[in-house]
Amino acid sequence: MISIIGNGSSNKNYVSHCEYVFACNIPQHGHAYNSLSIIDNQPINWMKNHAWRPSVPVFCTPSVKEYARKKCIEGDFMPVYVPRERYNAGLHCARHCAKLTSELHLWGFDSLWSKDLTSDMDLLVPRHSRPSLNKWWHPHWQAVFEDHPHTRFVVHLPDNQQLDVKNNNVIADYFKEVTKYS
């Protein structure tokens, strides 16, 4: 089993139970992880500006690896992702990991049941505007689920929500929402 911890606010509800854990971009959630997923230059710029270096492997696109080297960011950057338009780090990671495991747990992917697209990364790299990304992300998630019919995707979401993206291999696992400091 593999878990991916996304950057949605529900990531605070993550419960460790998988052998391998990915986090996205520059994690702010405080959970332990084995690898990062980064697909754009903003996290690399933040690393450079804050003298932060990843201590775990970074799964990325070839252009992110090249940019990290150009910015002299040390680390194990693994260019395993094929660039795809309007993908986020979680989508790339899920597509990649679905080939490696029969069960993939998704935490903190609030866009799968909500219009709330805020991200932990917003604390580090403020966004002045945010387009309605779900019109791109939802079809991409649907394709990831359909392209990997033998992978079970377990989406962890609050018990008062319903998934907007569904497939036969997608399971909703409901939790009771906790506050950040409970």
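Before I turn to the helices, a word on terms: axes are lines fitted to C-alpha atoms, for helices over the stretch in contact, and angles run from 0 to 180 degrees between N-to-C directions, while helices (H or I, at least four residues) and strands (E, at least two) are DSSP runs numbered from the N terminus. What we have here is a predicted model, in which local features need pLDDT of at least 70 and side-chain atom pairs count only at pLDDT 80 or more, whereas totals for chains, interfaces and linings use all residues. Residues are numbered from 1 along each chain as its sequence is written, and side-chain values use heavy atoms, with hydrogens and water left out.

Let me begin with helix α1, residues 41–50, and helix α2, residues 62–70, which pack at an angle of about 20° with their axes 10 Å apart. The two are therefore roughly parallel to each other, a description that applies to angles under 35 degrees. In the contact (heavy atoms within 4.5 Å), α1 contributes Asn41, Ile44 and Asn45, and α2 contributes Val64, Tyr67 and Ala68.

Now to the rings. The whole structure holds 8 aromatic pairs, where rings of Phe, Tyr and Trp (its six-membered ring) pair if their centres lie within 6.5 Å, and planes over 60 degrees apart count as edge-to-face. One of them joins tyrosine 14 and tryptophan 107, edge-to-face, at 5.3 Å centre to centre and 85° between the planes. Tyrosine 14 sits in the loop between β1 (2–5) and β2 (20–24) and tryptophan 107 in strand β6 (residues 103–107), so the pair ties together parts 93 residues apart in sequence. Both tyrosine 14 and tryptophan 107 are buried, meaning under 20% relative accessible area with a 1.4 Å probe, protein chains only.

How values were computed. Angles under 35 degrees count as roughly parallel, over 145 as roughly antiparallel, 65 to 115 as roughly perpendicular and the rest as oblique. Rings of Phe, Tyr and Trp (its six-membered ring) pair if their centres lie within 6.5 Å; planes under 30 degrees apart count as stacked, over 60 as edge-to-face and the rest as tilted. Buried means under 20% relative accessible area, exposed over 50%, partly exposed in between (1.4 Å probe, protein chains only).
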